[in-house]
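This briefing summarises selected features of the structure shown below.

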Amino acid sequence: MSGARVFDWLMSPIDPSRAHAVGGWIAWHGRLMVLAWGLLGPLGILAARVFKITPKQDWPRRLDNPIWWHAHRSLQYAAGILMLLATCAAIVALGRPGLTGMHAACGWSVLALAAVQYTGGWLRGSKGGPTAPAPDGS
């Protein structure tokens, strides 16, 4: 199968008897969710993994590098805000919040799990690592 035929197949509707028209608020729901979960969330995770030690950092004398923390936190918060905006867009499009269908049930479950994750981060207190105070207060 040639590349053009594969692309045509991927772009065709699942049910050829009805048009594949996604517009308005549902389209914004999809765009914002892709941006939140497909771009900002993974970039926030990578920031926490990759930027803890940077090339110009005087490691091991300087253990704490706040670049990763600020990037991680900012990207994750931005993803959370976009996720909430996308949820609002779906509610506006449907006229009500609901649990009709597998997509909605999975979406609300993911939203609840994300809320647990954000709440855990806020309740954690310190980010941990070498800048966290020792248990004896020193």
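A residue is called buried when its relative accessible area is under 20%, exposed when the value is over 50%, and partly exposed in between. The model is predicted. By the accessibility cut-offs, Cys-106 is partly exposed, because its relative accessible area is 40%.

**Helix H4**

- Helix H4 covers residues 102–124, and its 23 residues should span 33 Å at 1.5 Å a residue.
- Four residues of H4 are listed by name as buried: Ala-104, Leu-111, Ala-114 and Tyr-118.
- The cover over the buried residues of H4 includes helix H2 (24–50) and helix H3 (66–94).
- Just after H4, Gly-125 adopts a positive phi of about 90°.

**Aromatic pairs**

- The structure contains 4 aromatic pairs.
- One of them joins Trp-68 and Trp-69, whose ring centres are 5.7 Å apart; the planes stand at 70°, so this pair is edge-to-face. Planes over 60 degrees apart receive that label.
- Trp-68 has a relative accessible area of 11% and is therefore buried, whereas Trp-69, at 25%, counts as partly exposed.
- Tyr-77 and Trp-122 form a tilted pair, because their planes lie at 35° with the ring centres 6.3 Å apart. This pair links distant parts of the chain, with Tyr-77 in helix H3 and Trp-122 in helix H4, 45 residues apart.
- The relative accessibility of Tyr-77 is 35%, so this residue counts as partly exposed. Trp-122, by contrast, counts as exposed at 54%.
- Tyr-77 and Trp-122 belong to one aromatic cluster together with Tyr-118, which is among the buried residues of H4.

**Charges over rings**

- The charged end of Lys-52 is placed over the ring of Trp-68, 4.6 Å from the ring centre. Trp-68 is also a member of the edge-to-face pair with Trp-69.
- Arg-31 has its charged end over the ring of Trp-28, at 4.8 Å from the centre of that ring.

**Cysteines**

- The disulfide count is 0, where a disulfide would require a pair of cysteine sulfur atoms within 2.5 Å.
- Cys-88 counts as partly exposed because its relative accessibility is 45%. Cys-106 is likewise partly exposed, at 40%.

Notes. Residues are numbered from 1 along each chain as its sequence is written. This is a predicted model: local features need pLDDT of at least 70, side-chain atom pairs count only at pLDDT 80 or more; totals for chains, interfaces and linings use all residues. Side-chain values use heavy atoms; hydrogens and water are left out. Helices (H or I, at least four residues) and strands (E, at least two) are DSSP runs, numbered from the N terminus. The expected span of a helix is 1.5 Å times one less than its number of residues. Buried means under 20% relative accessible area, exposed over 50%, partly exposed in between (1.4 Å probe, protein chains only). Contact means heavy atoms within 4.5 Å. Rings of Phe, Tyr and Trp (its six-membered ring) pair if their centres lie within 6.5 Å; planes under 30 degrees apart count as stacked, over 60 as edge-to-face and the rest as tilted. A charge sits over a ring if NZ of Lys or CZ of Arg is within 6 Å of the ring centre and within 35 degrees of the ring normal.
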